[in-house]
Amino acid sequence: MAKPTNLVIVESPSKAKTIGKYLGPDYVVKASMGHLRDLPKSKMGVDLERDFTPEYIPVRGKEELIKELRTAANQAQTVYLATDPDREGEAISWHLKELLGLPDEKAHRVTFNEITQRVVRESIQHPRDIDYDLVDAQQARRILDRIVGYQLSPLLWKKVRRGLSAGRVQSVATRMVVDRENEIRAFQPKEYWTLDVTLNRRDKPGSFVARYYGEEKKRELENEEMTQAVIDDVTGKPFTVSNVKKGEKKRTAAPPFTTSTLQQEASRKLNMTPKRTMMIAQQLYEGVDVEGEGTLGLITYMRTDSLRLSEEAMAAAADFIRHRYGDSYYYGQFHEYKTKAGAQDAHEAIRPTHVELDPERVRSSLTGDQYRLYKLIWSRFLASQMANAVYDTVAIDTQCAGHTFRSTHQSLRFPGFIAVYEEGRDEEAEALGSPLPDLQTGELTDPSKYDKQQHFTQPPPRFTEATLVKAMEEKGVGRPSTYAATISTIEDREYVVKEDKHLAPTALGEVVTGLMVERFQDIIDVEFTANMESRLDAVEEGKQNWKDLLADFYRDFEKELKDAETALDGVRLKVPEEETDEVCELCGRKMVIKMGRFGKFLACPGFPECKNAKPLVERMPGRCPKCGSGILKRKSKRGYAYYACEQGAECGFMTWDVPTAEDCPECGQTLFKKSGRGRMKPFCINEKCSRFLPEDQRGYYKKKTDTQAADASQDAGEKPASKKSASGKTAAAKKTGAKTAAAKKPAAKKAAVKTAKTGTNTKKRTNT
């Protein structure tokens, strides 16, 4: 058999597997596993004095992979660089071309908006050259972030705390969370009242509720005195129906997903973080094995801000809707949505590649998260091509003593797209109102009940991950490929924390943001950051030189950096300590949370007089099923979370299952749920209870025993004994080698034990 004459390089093995099945024996498909060349981690890697020339080096640990790809490239007649269709993917292809020494005539760039057999084969037949404008835009962003990170972070180390980092986009995202918190603190609630009156028809059955609207114009009741004055005016008097307005209201389906709206909706409906949403979407894009269909990419490229759909996709949706739901449910024509100004529009909106593969048809081939996300994408796309939902509306005004009261109601006449999908909301949906009797203008009604309620205006809510993504998109901070990574970074750096799904700034985040606002106004400014994104887009379009952009930025940044170092000479900013309800048993002070080398811990604020410190434990809801005491969350030596009774060894209860705030309706004991992601039904662990769920039915992965593994291997025609690894060593040889290595390093073992003991010492600590 002849050797393949064409090499296709993609980023990931799953993508390689899918594409490999679509191409014939003349193609070999290999994965680069992401970037193979990048700026060095140990230094800046950018020559600031010589036109911002970057120093790229092979990524450490990928030497063997580079050698393998270089050999395959030398043997191939043509090399297709098939990395993702965005700036990052274009840059990876360029780095591969440079690293593998590929001449222009041998290297061809191909992109896939969707990984289907038709698109893959068409793209291979129509390759192009590398787009160096895209490459330059990626280089400019990478170098901007490197300059900010490597020059600003050391300042934070010296002036705030070691280990901190600053980033061009992450700092702005943190500021948005801090600014929202300051808005909430500064908010002054305003009092207002509502007045509802229950009205009864005369000589006819039926009553309804009307709410105070105003006089000739709408008026707000600002206090109880105003409200009572209205009640006094209308008490004992009939209410006359002054206007009955019946109408029709149509609701149009939401457009198909962009990266931003997908992350928002997955957060609202699936409780997925943006980071997890993009990871699952990547899997659906790259391809999964679908029973009866082979390996398929189920969705189009998931990093996009475009609402554009191909005519082929809209035609397929139209056929599917007519066949499954009927002609009346189709929109009637291709439903095209206008992409917002400033969007790159390089790719289609996120949609299924084959609309006929409905979620239930592929469910058995997907993981739980893959199924839920695919169903969300499929439903949203199909709904976008369906008919409007139609509501019947009625509004009734009643008048008494010059005051107008209004009642409204709407009922669904035709569901249209709602039969498939309805968009989630961050705020409460508008109330539909109660059904209203068939009233006629001039009809008299009598009041039977007055209900006055005091209210106060509410501050703006804290951001959730979904609403922060929405705000970043609206303000032009970041791009579709950066939203998830930015939010994940500011959470990992502990600049913000998630409290009941809402993001709140930490004391550290507020201190760092305050320093940035005072000394680096451009870096932390939302408008400046949005403008920088626009300039990067201009580089991508070939309208802006990338090195000129860097020079313009660095000129002002360098000055701000020098001014900050001068102004903060000898200054160290203190991060306020978070006080807890835990009382120091040695001196009686309330203990505070501090950050050490091994994470957070509880410490006495009286240091150095009092050196008491102890591990920080999280108290969980529920009660211990053995003794009724509280339950604490702890970590095992390997870092896994488990849950144990606060009485410790005296009780002995521990479990991997997560305690909930719910009690069993049968026995009254605390219900537990399986650990891990997703929504899980609580269960009872009381063996005497009728609702008891045995461990083997709680949904955990059950590891095969050695005997079962051996039987499975023999069924597959394999030899279970002495199975070799990729390096050629047997498992037994590896085990022996590990023991030998461990025996050679007794000092390292003792040092590890000593470190572990030091980390849990409750009497001594360093002043952190």
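**Overall make-up**

I started with the secondary structure: the protein chain has 21 helices and 28 strands. I note that this is a predicted model. Next I checked burial, and 44% of the 768 residues in the protein chain are buried. I then looked at contacts between residues at least 6 apart in sequence; 67% of them join residues at least 24 apart.

**Aromatic pairs**

I searched the whole structure and got 15 aromatic pairs. I looked up phenylalanine 52 and tyrosine 554: ring centres 6.0 Å apart, planes at 80°, so I logged the pair as edge-to-face. Phenylalanine 52 sits in the loop between strand 4 (46-47) and strand 5 (53-54). Tyrosine 554 belongs to helix 18 (residues 546-567), and the two residues are 502 residues apart. Both phenylalanine 52 and tyrosine 554 are buried.

My next pair was phenylalanine 239 with phenylalanine 405. Their ring centres are 5.3 Å apart and the planes meet at 70°, so this pair is edge-to-face. Phenylalanine 239 is in strand 11 (residues 239-251) and phenylalanine 405 in strand 15 (residues 403-414), so the pair ties together parts 166 residues apart in sequence. I found phenylalanine 239 and phenylalanine 405 buried.

I also noted one aromatic cluster, formed by Phe52, Phe520, Phe528, Phe553, Tyr554 and Phe557.

**Charges over rings**

Which residue lies over the face of phenylalanine 463? I found arginine 180 there, at 4.2 Å from the ring centre. Lysine 269 lies over the face of tyrosine 421, at 4.1 Å from the ring centre.

Notes:
Residues numbered from 1 in each chain as written. Predicted model: local features only at pLDDT ≥ 70, side-chain atom pairs only at ≥ 80, totals over all residues. Heavy atoms only, no water. Helix = DSSP H or I, 4+ residues; strand = E, 2+ residues; numbered from the N terminus. Buried < 20%, exposed > 50% of the residue type's maximum accessible area, 1.4 Å probe, protein only. Contact = heavy atoms within 4.5 Å. Phe/Tyr/Trp six-rings, centres within 6.5 Å; stacked < 30°, edge-to-face > 60°. Lys NZ or Arg CZ within 6 Å of the ring centre and 35° of its normal.
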